Amino acid sequence: MMAPTTDSAGSTEDAAAARASLETLRTEIAKAVVGQDPAVTGLVVALLCRGHVLLEGVPGVAKTLLVRALASALELDTKRVQFTPDLMPSDVTGSLVYDTRTAEFSFQPGPVFTNLLLADEINRTPPKTQSSLLEAMEERQVTVDGTPRPLPEPFLVAATQNPVEYEGTYPLPEAQLDRFLLKLTIPLPSREDEIDVLTRHASGFDPRDLHAAGLRPVAGPADLEAARAAVAGTTVSAEITAYVVDICRATRQSPSLTLGVSPRGATALLAAARAWAWLTGRDYVTPDDVKALALPALRHRVQLRPEAEMEGVTADSVINSVLAQVPVPR
């Protein structure tokens, strides 16, 4: 067997160092956020896949703090936009401003020009403003007055929405939901975790001051680049590809759904499974990797029939049923 070249050996070492750095994220973010390891992992998977994340949870479960802590631990720039009914597209993307000194229009970048954009309560703004994010999410650029302007790299939109409050909201259309790589549900903490949260606050923890909480950068953009290159080299067998396709096709035949998973959803599931496989230390994808990411990658890409919804059927239960029925490759 031939010895690896210097470049391949260097790449292997960079990938190993990147994985080690990303593995420490959970420990670092746990200094500020208690008991949300699955959400942290989901956000890292999205960064590795150049995808975006929809965070769903009731108010007060640290969705905003989670994104801020992730940005701090990765040494990335982050901005927050509170989506409201009167928010305009230019409030997100930026606009041309007339400069009286030069008698010319200059572009004033909006908050979308960042690494991690927190779109808080995205379903509270009308579809026109929601759609202003579509180009940024898909093309990673903003076009104003016919001029495309590239966004920073890396770039991730973490949008939040409240699952229990519907008054004054505008549900995200299926086309926009399909742009999110993952939909992560942020649960209420367990009793032990909630006690831990209150104990920290009683001891002087201030969620607005992450530096005082001891949060430090443990990885950076260079680690993400090395990790992305390694993920791209993760092996996917023909059997795994067929397994992903069979799962997505099965959702289209489910009697509980009016809308199944699109081909874009299949590519999203495969990409997320590859990133998860690499994060767990393997250079190949297994059926368990696909199963592990099936719910967050697919739950927002299906639409329940009204009668099924009235009977208490959920998107998660339909996907779990599909996973139980589709033959697993050996």
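Leu-298 touches Ile-247, Cys-248, Val-261, Gly-265, Leu-269 and Ile-319, residues up to four places away in sequence not being counted; contact means heavy atoms within 4.5 Å. The model is predicted: local features need pLDDT of at least 70, side-chain atom pairs count only at pLDDT 80 or more, and totals for chains, interfaces and linings use all residues. Residues are numbered from 1 along each chain as its sequence is written, and side-chain values use heavy atoms, with hydrogens and water left out.

Leu-298 belongs to the largest nonpolar core, which has 77 residues. A nonpolar core is a set of buried Ala, Val, Leu, Ile, Met, Phe, Trp, Tyr and Cys residues joined through side-chain atoms within 4.5 Å. Buried means under 20% relative accessible area, exposed over 50%, and partly exposed in between (1.4 Å probe, protein chains only). Leu-22, Leu-48, Leu-70, Trp-278, Val-290 and Leu-298 touch the most other members of the largest core. Helix H11 (residues 263–279) gives the most to this core, with 10 residues.

The chain as a whole has 14 helices and 11 strands. Helices (H or I, at least four residues) and strands (E, at least two) are DSSP runs, numbered from the N terminus. The radius of gyration of the chain is 21 Å, close to the 20 Å that the globule rule gives for 330 residues, so the chain is as compact as a globular protein of that length. That radius is taken over C-alpha atoms, and the rule is 2.2 Å times the number of residues to the power 0.38. Along the principal axes, the C-alpha atoms fill a box of roughly 70 × 60 × 50 Å. Buried residues make up 47% of the 330 residues. Among contacts between residues at least 6 apart in sequence, 79% join residues at least 24 apart.

The chain exposes about 16300 Å², of which carbon and sulfur atoms supply 54%. Accessible areas come from the Shrake-Rupley method with a 1.4 Å probe; for residues, only the protein chains shown count as cover. There are 30 positive and 41 negative side chains, and the centres of the two sets lie 2 Å apart. Lys and Arg count as positive and Asp and Glu as negative, whereas His and the chain ends are not counted. The place of a charge is taken as NZ of Lys, CZ of Arg, CG of Asp or CD of Glu.

Helix H4 (residues 63–73) is mostly covered, with 8 of its 11 residues buried. These are Lys-63, Leu-65, Leu-66, Val-67, Ala-69, Leu-70, Ala-71 and Ala-73. Their cover includes H2, H3, strand E1 (53–56), strand E2 (78–82), strand E5 (116–120) and strand E8 (156–161). Leu-66 of H4 is buried at a relative accessible area of 1%. Leaving out residues up to four places away in sequence, Leu-66 touches Ile-29, Val-33, Ala-39, Val-40, Leu-43 and Ile-186.

Ile-186 is also in contact with Gln-36, as are Val-61 and Pro-187, neighbours within four places in sequence being left aside. Gln-36 sits in the loop between helix H2 (25–29) and helix H3 (37–48). Gln-36 is buried, with a relative accessible area of 8%. Val-45 lies in helix H3 and is buried at 1% relative accessibility. Beyond residues up to four places away in sequence, Val-45 touches Leu-181, Leu-182, Ala-272, Ala-275 and Leu-279.

Ala-62, in the loop between E1 and H4, has a positive phi near 75°. Ala-62 is partly exposed, at 27% relative accessibility. Glu-75, which follows H4, has a positive phi near 55°. Asp-145 has a positive phi of about 55° although it is not a glycine. Asp-145 lies in the loop between strand E6 (141–144) and E7 and is exposed, with a relative accessible area of 65%. A cis peptide bond joins Glu-153 and Pro-154, with omega about 0°. Pro-154 is in the loop between strand E7 (147–150) and E8.
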